Amino acid sequence: MTQAVRGQTAHGVVIIGNGGHARSCVDAWPVASDLQPIGCTGHDPDEHGEVPYLGGDDALPGLVRAGVRHAFVAIGTPGLRARLARGATDLGLELVPLVADSAQVARTAQVGPGAAVLRSAVLGAYARLGEGAILNTGATVDHDCTVGDFAHVAPGAHLAGTVTVGAHALIGVGASIRPGIAVGDGAVVGAGAVVVRDVPAGTTVVGNPARPLPQKAIA
Ligand code: JB3
């Protein structure tokens with residue numbers, strides 16, 4: 001274990017991932033939190049941003065033995081984020097949520113374990129962000145919305161009230177979703193799309209108004 005981590009384990013958070021999303025999450029980490037990032041794991045030793053590189057994920061058991069108790073998975077790909085989250089909890093690590101200082105989270109909203117509410121994002125009254133979900137920079141999720149586990153609401157996307165987004169779904173940058181719409185598990189809403197009808201699970205919709213991409217276009 002690196003000298004940089006020694007002595008910080010009890011309140012330290014190991015960031016799993018060391019790419020662009022990890023750099024964004026470490027940057028947005030709340031300054032006054034008792035729990036602070038102490039290092040990151042990933043494939044490329046040269047990619048780590050503001051925190052030390054601690055090795056690949058095979059370094060995690062050693063960190064747990066050394067007393068690290070908390071982790072945060074900072075990987076954009078939903079399936080990989082979910083797999084790494086399971087791996088972390090299997091090691092006994094607790095997945096902690098990230099709520100940026102400049103984010104606005106309603107008193108009645110719920111932020112799941114390992115979920116991220118990044119800079120200037122807004123989570124409205126009685127809205128729920130599932131485990132490992134990402135509410136990215138400047139995105140807004142309004143009252144009574146549900147964003148499923150490991151889903152991603154990309155920067156500047158806006159969900160009106162009572163929208164539901166399924167697990168692993170992606171709401172692309174700058175997209176808008178009308179009130180009451182349901183976006184299915186694993187669905188993809190393209191950048192800038194305006195969604196006025198439900199989006200079936202596993203489908204991709206683009207445009208204004210948003211329409212399904214022909215299957216061949218996705219291949
Ligand atoms: O659009 C925005 C604002 N952010 C995007 C984010 C949500 O998703 C960002 O632009 C990227 O599209 C993506 O960020 P991410 O996942 O950081 O992508 P990338 O910059 O390609 O970095 C992926 C990192 O994951 C690499 O540094 C790899 O080392 C690391 N990685 C891949 N597999 C892994 C594993 N790290 C660990 N610990 N374990 C793995 O199995």
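Colleague: Why is Cys145 called buried?

Modeller: Buried means under 20% relative accessible area, exposed means over 50%, and partly exposed lies in between, with a 1.4 Å probe and protein chains only. Cys145 has 0% relative accessibility, and therefore counts as buried. This is a predicted model, in which local features need pLDDT of at least 70 and side-chain atom pairs count only at pLDDT 80 or more, while totals for chains, interfaces and linings use all residues. Residues are numbered from 1 along each chain as its sequence is written, and side-chain values use heavy atoms, with hydrogens and water left out.

Colleague: What makes Cys40 buried or exposed?

Modeller: Cys40 has a relative accessibility of 1%, so it counts as buried.

Colleague: Why is Cys40 too far from the closest cysteine sulfur for a bond?

Modeller: A disulfide is a pair of cysteine sulfur atoms within 2.5 Å. The closest cysteine sulfur to that of Cys40 belongs to Cys25 and is 12 Å away, which is too far for a bond. The count by this rule is 0 disulfides.

Colleague: How do you know which residues line the largest cavity?

Modeller: On a 1 Å grid over the protein atoms alone, a cavity is a set of points where a 1.4 Å probe fits but cannot get out, and lining residues have an atom within 4 Å of a point. Val73, Arg81, Ala85, Leu95, Pro113, Gly114, Glu131, Gly132 and Phe150 line the largest cavity. Its volume is about 40 Å³, a volume being the space filled by probe spheres set on points joined across faces, edges and corners. The count is 1 cavity of 30 Å³ or more.

Colleague: Which domains contribute to the lining of the largest cavity?

Modeller: Domain 1 (2-96) and domain 2 (97-204) each supply at least three residues of that lining; the bounds come from an automatic or database domain assignment. The C-alpha centres of domain 1 and domain 2 are 24 Å apart. Their contact takes 18 residues from domain 1 and 17 residues from domain 2.

How values were computed: Contact = heavy atoms within 4.5 Å. 1 Å grid on protein atoms, 1.4 Å probe; cavity = no way out; pocket = protein on both sides within 12 Å on 5 of 7 lines; lining within 4 Å.
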